[in-house]
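Subject: Structure handover

Hi,

Here is the structure, with my notes below it. Please read them with the model open.

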Amino acid sequence: MSISGSARLAGVMGWPIAHSRSPRIHGYWLQEYGIDGAYVPLAIQPEDLADSFRMLPRLGFRGWNITLPHKEAALRLVDTATAAAERIGAVNTVTVQPDGGLSGDNSDAFGFTAHLNQSAPGWPSDRPAVVLGAGGAARAICFALLEAGVPEVRIANRTQARAESLAAANGRQARAVPWDARTEALADAGLLVNTTSLGMRGQPPLPMELTALPADAVVNDIVYVPLQTPLLATAAARGLRTVDGLGMLLHQARPGFSRWFGREPMVTETLYSTIAKDIAP
Ligand code: ATR
């Protein structure tokens, strides 16, 4: 669709940015809803980040997403931040307010929960959850799980110290478990989430025995290249419900789109298969 001189503008900042799927996701919705707007990739080097935050509103941008490596730095550049962004320690969605101020949010936790609720309705949120990994994605997911009312989050990470510091930041309901004890941690769990890069194309599969997981537990892998990771294949073979990583990516885009373009977008089968084809043509 062509755009007019008064088109609404948004984009995604990262370095590098060419791999980002966000322009396709937002572009799909803009077209689907016939909105006069554009969402563009913005290749911004770290030393230019602060200047970009000042200039984009002057260029008429209504807001933008932030991806690697800028999410933590963005938290220091916004005027206000949501509780999610503060707790996760990172901003992925910036919105220009009517007074010109910048508000920062983190929609990764929202995206994770929205996709989990949609793909595995009634998932056992009244039992412990096991989270593998302790990077930025794990921070967002711990926050999401505690918000969802999970009674205990068990964090296992190859580097134990990172698991401990993530657990400490999340209070008494979060605790670190040794990487080598990750299998035993599954015994009474309702959910297993992989946030490590293991299982991603080009990486070794995640070494994980699932026999200890109760039959009604859900296995969620946030890796989305490939869509069906070895972990999800093992879980499916055991008859467990599985949740893939693509939906989190699609749902995390919703809050920014509705703020900048004025329409609540839907994550549909067609969007899912369009982006899935883009990932693995
Ligand atoms: P993100 O911010 O995307 O979550 P990250 O901070 O690079 O990414 O974290 C990647 C996660 O994958 C980490 O938890 C990392 O473990 P370490 O903290 O020990 O580095 C985990 N990871 C990467 N390669 C791994 C491997 N071969 N075995 C186990 N864990 C691995």
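One definition to begin: Ala, Val, Leu, Ile, Met, Phe, Trp, Tyr, Cys and Pro count as nonpolar, Asp, Glu, Lys and Arg as charged, and the others, Gly among them, as polar. By that scheme, the lining of the largest pocket has 17 nonpolar, 18 polar and eight charged residues.

The model is predicted: local features need pLDDT of at least 70, and side-chain atom pairs count only at pLDDT 80 or more, while totals for chains, interfaces and linings use all residues. Residues are numbered from 1 along each chain as its sequence is written, and side-chain values use heavy atoms, with hydrogens and water left out.

The pocket

The largest pocket holds about 1,300 Å³ of space. Lining it are 43 residues, and L68, A137, M200, I222 and Y224 are the closest to its centre. A pocket here is an open set of points on a 1 Å grid over the protein atoms alone, where a 1.4 Å probe fits, with protein on both sides within 12 Å along at least five of seven lines; lining residues have an atom within 4 Å of a point. Points are joined across faces, edges and corners, and the volume is the space filled by probe spheres set on them.

At least two lining residues come from each of β3 (61-66), α3 (71-77), α6 (136-147) and α9 (246-252). Helix α6 gives the most, with four. Helices (H or I, at least four residues) and strands (E, at least two) are DSSP runs, numbered from the N terminus.

The ligand

Around the ligand are 13 residues (a heavy atom within 4 Å). G136, N157, R158, T159 and R162 come nearest. Look also at the polar contacts (pairs of N or O atoms within 3.5 Å). A polar backbone atom of A134 is 3.0 Å from a ligand oxygen. For A137, a backbone N or O atom lies 3.2 Å from a ligand oxygen. R158 uses its side chain: an N or O atom there is 2.9 Å from an oxygen of the ligand.

S52

S52 sits in helix α2 (residues 49-58). Its relative accessibility is 11%, so S52 counts as buried (under 20% relative accessible area; exposed is over 50%, partly exposed in between; 1.4 Å probe, protein chains only). Not counting residues up to four places away in sequence, S52 touches M13, I44 and P57, where contact means heavy atoms within 4.5 Å. A polar atom of the S52 side chain lies 2.7 Å from the backbone oxygen of D48. L42 is 10 residues from S52 along the chain, with 9.6 Å between their C-alpha atoms.

T95 and G101

T95 lies in strand β5 (residues 93-96). T95 is buried, at 9% relative accessible area. Beyond four places in sequence, T95 touches R62, G63, G101, L102, S103, R259 and W260.

G101 is in the loop between β5 and β6 (102-105). G101 is buried as well, at 16%. Leaving aside neighbours within four places, G101 contacts D79, T95 and V96. G101 and D79 are 22 residues apart in sequence, yet 6.1 Å apart C-alpha to C-alpha.

Cis peptides

Most peptide bonds are trans. Where are the cis bonds to check? One joins W15 and P16, with omega about 0 degrees. P16 is in the loop between β1 (8-14) and α1 (22-32). Another runs from V225 to P226, with omega near 5 degrees. P226 is in the loop between β11 (218-221) and α8 (230-237).

Best wishes

Key: A polar contact is a pair of N or O atoms within 3.5 Å; within protein, one must be able to donate a hydrogen and the other to accept it, and residues adjacent in sequence count only if both atoms are side-chain atoms.
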